[in-house]
Amino acid sequence: GLPTGSHDFLHGKDGAPGTLLYTFKQDVPIPSYLFAIASGDLASASIGPRSTVWTGPEELQAAKWELEESTETFIQAAEMIVYPYAWTTYNVLVLPPSFPYGGMENPVFTFATPTIISGDRENVDVIAHELAHSWSGNLVTNCSWQDFWLNEGWTVYIERRIMAEVHGEPHRSFSALIGWKALQDSIERFGEDHEFTKLVIDLKGKDPDDAFSSIPYEKGFYFKTFAKKSVDSYEFKSTLLDFFASNPSTSRKLADLDFESWFYKPGYPPKPDFDTSMVDVCYALADKWKQLTTRSNSAEAEFTPHKADIAAWSANQCVVFLERVQTFPTPLPDTAVRTMGEVYGFASSRNVELVARYFGIGLKAH
């Protein structure tokens, strides 16, 4: 985090007159991998009663606008789901484009990619994820990277609970369906029998970075017992069983649960029965655009795109639609790609998630 607390001017051998010494006290213990320092020409603005955004002076107003509507709402939703936020303030540092991650959950200060500042407040769900880490990962931490799912699986679960609280239950299922696709992509990349598709992986002699994928985020989906501590998968299991010991029906269900398979079996978990209402409309519109891949005049006459097609959609629904179009066996004609960009506003959007996928469709059309 950026320094808060005392600072004094130094004189004499400790430093030249005017040198500023900052001291920083972190009252809540953190694991070593969460220690981070950022320096640069930084400016700040309030985005809530206990939250601040920091970024470059020229980028500040756009970052403030993007985050000020949702940050405190997310914190309050998370507090209702888990328990009060333990880190006093929650702040966001929006970094330059060279920052290689969507976000990093450094305590007190989330380090964030500038691509969430998209001018439409459609990518701020990243903040819900990093905020959720304030409980899972930061307050309770996996004791080694083979138990990475204890950090990320629980964070994704809390993130999606926040989405349900703020936007409604269908948004939770929609997010989970996007996650299921990411899980499929990872398992197909590794292979269904690969060690890295297990929930608890054997990293002896392996680089943990090589194992990094969406699997611990999506395959995983207790906090007071292990607050300020590290935990492994078996301690999690023991805590779960103890917590429900007084509930006979749940205890019976847990007794029947094959923990060894959940922890160590590679490949896919059982697919939940998701609410598909938000994703079905994306696929239906993509099917209409698929008619245009025949390049026949009669097919083009059957479907005329209008701005109203996507007017009620979230940006993530547009992402699902665009990813579906990317899978067409025959690319769209270049004229159709240009029409899509103009009518739906993809060509002029500042939202990198949309633009990147739209450009992918354009590249296929040459």
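The model is predicted: local features need pLDDT of at least 70 and side-chain atom pairs count only at pLDDT 80 or more, while totals for chains, interfaces and linings use all residues. Residues are numbered from 1 along each chain as its sequence is written, and side-chain values use heavy atoms, leaving out hydrogens and water. Helices (H or I, at least four residues) and strands (E, at least two) are DSSP runs, numbered from the N terminus.

**The sheet**

- Five strands make an open sheet with mixed pairing, in the order E3-E4-E5-E7-E6; two strands pair if DSSP finds at least two bridges between them.
- Strand E3 (43–48) and strand E6 (103–104) are at the edges with a single partner strand each, so one side of each has no neighbour in the sheet.
- E3 pairs with E4 in the antiparallel sense over five bridges, and a hairpin of two residues joins E3 to E4.
- Within this pair, Ala45 stands opposite Val53 in E4.
- E4 and E5 pair in the parallel sense over four bridges, where Ser51 has Tyr90 in E5 as its bridge partner.
- E6 pairs with strand E7 (residues 109–112) in the antiparallel sense over two bridges, and Gly103 stands opposite Ala112 in E7.
- Buried means under 20% relative accessible area, exposed over 50%, and partly exposed in between (1.4 Å probe, protein chains only).

**Helices beside the sheet**

- Helix H3 (residues 125–132) lies across strand E5 (90–94), E6 and E7, and runs at about 125 degrees to E5. Axes are lines fitted to C-alpha atoms, for helices over the stretch in contact, and angles run from 0 to 180 degrees between N-to-C directions.
- Helix H2 (residues 71–81) has buried residues that include Phe74, Ile75, Ala77, Ala78 and Ile81.
- Among the elements covering the buried residues of H2 are E3, strand E4 (51–55), H3 and helix H4 (149–167).

**Nonpolar cores**

- A nonpolar core is a set of buried Ala, Val, Leu, Ile, Met, Phe, Trp, Tyr and Cys residues joined through side-chain atoms within 4.5 Å.
- The largest core has 53 residues, of which Val53, Val92, Ile162 and Tyr222 touch the most other members.
- H4 gives the most to this core, with six residues.
- Leaving aside neighbours within four places in sequence, Ile162 is in contact (heavy atoms within 4.5 Å) with Phe74, Ala77, Ala78, Ile81 and Ala128.
- Another core, of 35 residues, lies apart from it and includes Phe174, Leu183, Trp289 and Met340.

**Helix H15**

- In helix H15 (residues 334–343), the buried residues are Ala336, Val337, Met340 and Gly341.
- Seen down the axis of H15, these residues fall within an arc of 135 degrees, so they line one face of the helix; the arc is that of the directions from the helix axis to the C-beta atoms.
- The face turned away from the buried side of H15 carries the exposed residues Arg338 and Glu342.
- Helix H12 (277–290), helix H14 (315–326) and helix H16 (352–364) are among the elements covering the buried residues of H15.
- Just after H15, Gly345 takes a positive phi of about 80 degrees.

**Tyr264**

- Tyr264 is in helix H11 (residues 259–264) and is partly exposed, with a relative accessible area of 32%.
- Not counting residues up to four places away in sequence, Tyr264 touches Lys198, Val200 and Tyr234.
- The side chains of Tyr264 and Tyr234 are joined by a polar contact of 3.5 Å. A polar contact is a pair of N or O atoms within 3.5 Å; within protein, one must be able to donate a hydrogen and the other to accept it, and residues adjacent in sequence count only if both atoms are side-chain atoms.
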